[in-house]
Amino acid sequence: MSSILKVDTIQNTGGTTGLTIDSSGRLGVPNPIIFYARKTDSNNYTTVGTIVWNVSIIDTASAYNTSTGLFTCPKAGYYEVQWMYLSRFSGYLRTTAQKNGSHVWGSGQATIIYNNNYDNGDEQMVFGTTIVNCAVNDTLSIRLEDKNSNADIYFGGNSHNGFTVKFLG
């Protein structure tokens with residue numbers, strides 16, 4: 001037996017809207033968990049460790065700490081994590097996503113992103129993405145794991161970098 005449920009809004013028993021459906025069938029979530037930040041305070045970043053993205057552009061859940069570089073998951077479920085940056089000069093860089101201070105994938109030098117520039121004039125845009133299953137209060141971050149030679153990340157005041165977290169469900 002099948003049936004059709006005709007509604008425009010689905011609400012919690014307390015009256016808060018949980019989901020809307022417009023006349024074209026598009027779903028709307030009133031309180032999505034979306035975060036995007038950039039780093040603008042370093043022209044030649046070389047510090048191994050958690051990258052602290054100092055400018056929060058969008059943070060619908062107030063979940064990111066601009067002092068520690070940690071995004072704290074407000075809800076259990078799957079999160080999409082993306083990061084990008086401009087890699088410059090000769091040498092390699094390794095970056096990875098971390099959950100609760102441990103690599104999401106691999107360990108040590110087995111990181112998610114590896115790039116290598118071959119001379120001091122080289123510049124490359126580098127992108128990483130992963131999906132992570134998290135519990136409430138798990139933390140997500142991006143770590144510069146390793147580098148060599150003259151390689152650095154350009155985090156000047158432009159759009160050459162970013163860190164994004166989106167709740168998928």
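What is the volume of the largest pocket? In this predicted model, the largest pocket has a volume of about 200 Å³.

**View 1. The lining of the largest pocket.** The lining of this pocket is made up of 10 residues. Those that lie nearest the centre of the pocket are Val-29, Asn-31, Pro-32, Ile-33 and Phe-167. By residue type, the lining of the largest pocket holds six nonpolar residues, three polar residues and one charged residue.

**View 2. Lys-99 in strand S11.** Strand S11 covers residues 91–99, and Lys-99 lies in this strand. Lys-99 counts as partly exposed because its relative accessibility is 27%, a value between the cut-offs of 20% and 50%. The side chain of Lys-99 reaches the backbone oxygen of Asn-133 at 2.7 Å. Apart from its neighbours within four places in sequence, Lys-99 is in contact with Val-104, Val-132, Asn-133, Cys-134, Asp-138, Thr-139 and Leu-140.

**View 3. Lys-99 and Ser-149.** In sequence, 50 residues separate Lys-99 and Ser-149. In space, the distance from C-alpha to C-alpha is 28 Å.

**View 4. Ser-141 in strand S15.** Ser-141 belongs to strand S15, which takes in residues 139–147. The relative accessible area of Ser-141 is 2%, so this residue is buried; the cut-off for buried is under 20%. Leaving out neighbours within four places in sequence, the contacts of Ser-141 are with Thr-50, Gly-69, Leu-70, Thr-96, Ala-97, Gln-98 and Phe-163.

Technical notes: Residues numbered from 1 in each chain as written. Predicted model: local features only at pLDDT ≥ 70, side-chain atom pairs only at ≥ 80, totals over all residues. Heavy atoms only, no water. 1 Å grid on protein atoms, 1.4 Å probe; cavity = no way out; pocket = protein on both sides within 12 Å on 5 of 7 lines; lining within 4 Å. Points joined across faces, edges and corners; volume = space filled by probe spheres on them. Nonpolar A, V, L, I, M, F, W, Y, C, P; charged D, E, K, R; others polar. Helix = DSSP H or I, 4+ residues; strand = E, 2+ residues; numbered from the N terminus. Buried < 20%, exposed > 50% of the residue type's maximum accessible area, 1.4 Å probe, protein only. Contact = heavy atoms within 4.5 Å. Polar contact = N/O pair within 3.5 Å; in protein donor to acceptor, adjacent residues only side chain to side chain.
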